[in-house]
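Open the model in your viewer and keep the selection tool at hand. The stops below go one by one.

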Amino acid sequence: MRLRSLGLALVAAVCIVPLAGGADTGRNIPVSVYGNVPRFDRMTGQHTDAGLAFIGWDQGRTWGKPYSYFLDTLGDRPHIALKTERGGGTISTRAIAQGQGDAHLLELAQAISDSGKPVFLRPLGEMNNTLNPYCGCRGSSANSPKWFRKAFQRIYVVMHGGTADQINAKLRRLGMPGVSADVPENPYPHLTVIWNPLAVGEPPVAHNSFRDYFPGLKFFDIYGNDYYDFGSYAFVRTNDLYKAYPSKPYAIPEWGLTPDDPAFVQAVAGFVKSHRRVKFIGFYNGRNGGRLDLAGKPRARAAYKRFIVPLTR
């Protein structure tokens, strides 16, 4: 979630099972943080596996710091959210599906292979959030749900790699042009591709539900919803998303809060504890002193230490 989207109250979902007491048997769930990771770990006692970075299209290749910078600095399991912004504009999902963004994908795949690290890759997250340029609800035919599905399929196939012949056979079956070169193999779970719709579209209108953007079970490794408390939250309807694809692991790639609300922290922990397919969670702490920073929320911070940290050990 980009900072400018934080004013939206995302609707999340579940039947919460309260956690009795503070201790819980650890689930060893990998955990990500967006923000100053060493500082966050000091104030929570957590050992963060993955720093989160949002990377625009071709960032690392033609502009900004190189891919290796992110892979070297984002911890043991880097978490990369892939966006479409580039050079003052954006690339459309239609262009991605048609292979016009392949140079970025091929070089990022090579960098991930060279790093030797397991990586969480979250392409085009919250695609049913109107604040994202690739949301189909914005009315652009070049970013329709159909083109999103095709673009996501292409990203999945290319990023997991193989010989050009192997990749092109898969892309031909999907009605897409091939690649021009072999791509290093990055099999799951060395590379985990996350499909990350909102459980309830923003706005919640026709053709903007998570099902409209579903790329097919063969084209994501793990999926999940983002959860935020911006003064209120409603744990309803997320069960639709959780139950929709029971063969796949589930994630909470981003969650965070603006009020000092320990009940929300406990509710998220309750969801993780009672939903055994949750295999990855990521806390959005933001900038130091910002409105999502847990440092300014003593009660929520204490709840995080009590209820979340034990799940990650």
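**Stop 1: a charged patch**

Select Lys170. At 40% relative accessibility, Lys170 counts as partly exposed. This is a predicted model. Lys170 sits in helix 6, residues 164-173.

**Stop 2: aromatic rings**

Move on to the aromatic side chains. The count comes to 32 aromatic pairs. Start with Tyr34 and Tyr284. Their ring centres are 4.6 Å apart and their planes meet at 35 degrees, so the pair is tilted. Tyr34 belongs to strand 1 (residues 31-35) and Tyr284 to strand 11 (residues 278-286), so this pair ties together parts that are 250 residues apart in sequence.

Tyr34, at 25% relative accessibility, counts as partly exposed.

Phe54 lies in strand 2 (residues 50-55) and Tyr284 in strand 11, so the contact ties together parts that are 230 residues apart in sequence.

Next, select the members of one aromatic cluster: Trp195, Phe210, Phe214, Phe220, Tyr223, Tyr227, Tyr242, Tyr245, Tyr250 and Phe271.

**Stop 3: a loop glycine**

Go to Gly231. This glycine is in the loop between strand 9 (227-229) and helix 7 (238-244). At 61% relative accessibility, Gly231 counts as exposed. Show the C-alpha atoms of Gly231 and Pro259: they are separated by 5.9 Å, yet the residues are 28 apart along the chain.

**Stop 4: backbone exceptions**

Most residues other than glycine have a negative phi, and most peptide bonds are trans. Which way does the bond from Tyr188 to Pro189 go? That peptide bond is cis, with omega near 10 degrees. Pro189 lies in the loop between helix 6 and strand 7 (191-195). Then select Glu202 and Pro203. The peptide bond joining them is cis, with omega near 10 degrees. Pro203 is in the loop between strand 7 and strand 8 (222-224).

Leu124 has a positive phi of about 55 degrees although it is not a glycine. Its loop runs between strand 6 (119-123) and helix 5 (145-160). Leu124 is buried, at 0% relative accessible area. Glu126, in the loop between strand 6 and helix 5, has a positive phi of about 50 degrees. Glu126 is buried, with a relative accessible area of 2%.

Key:
Residues are numbered from 1 along each chain as its sequence is written. This is a predicted model: local features need pLDDT of at least 70, side-chain atom pairs count only at pLDDT 80 or more; totals for chains, interfaces and linings use all residues. Side-chain values use heavy atoms; hydrogens and water are left out. Helices (H or I, at least four residues) and strands (E, at least two) are DSSP runs, numbered from the N terminus. Buried means under 20% relative accessible area, exposed over 50%, partly exposed in between (1.4 Å probe, protein chains only). Rings of Phe, Tyr and Trp (its six-membered ring) pair if their centres lie within 6.5 Å; planes under 30 degrees apart count as stacked, over 60 as edge-to-face and the rest as tilted.
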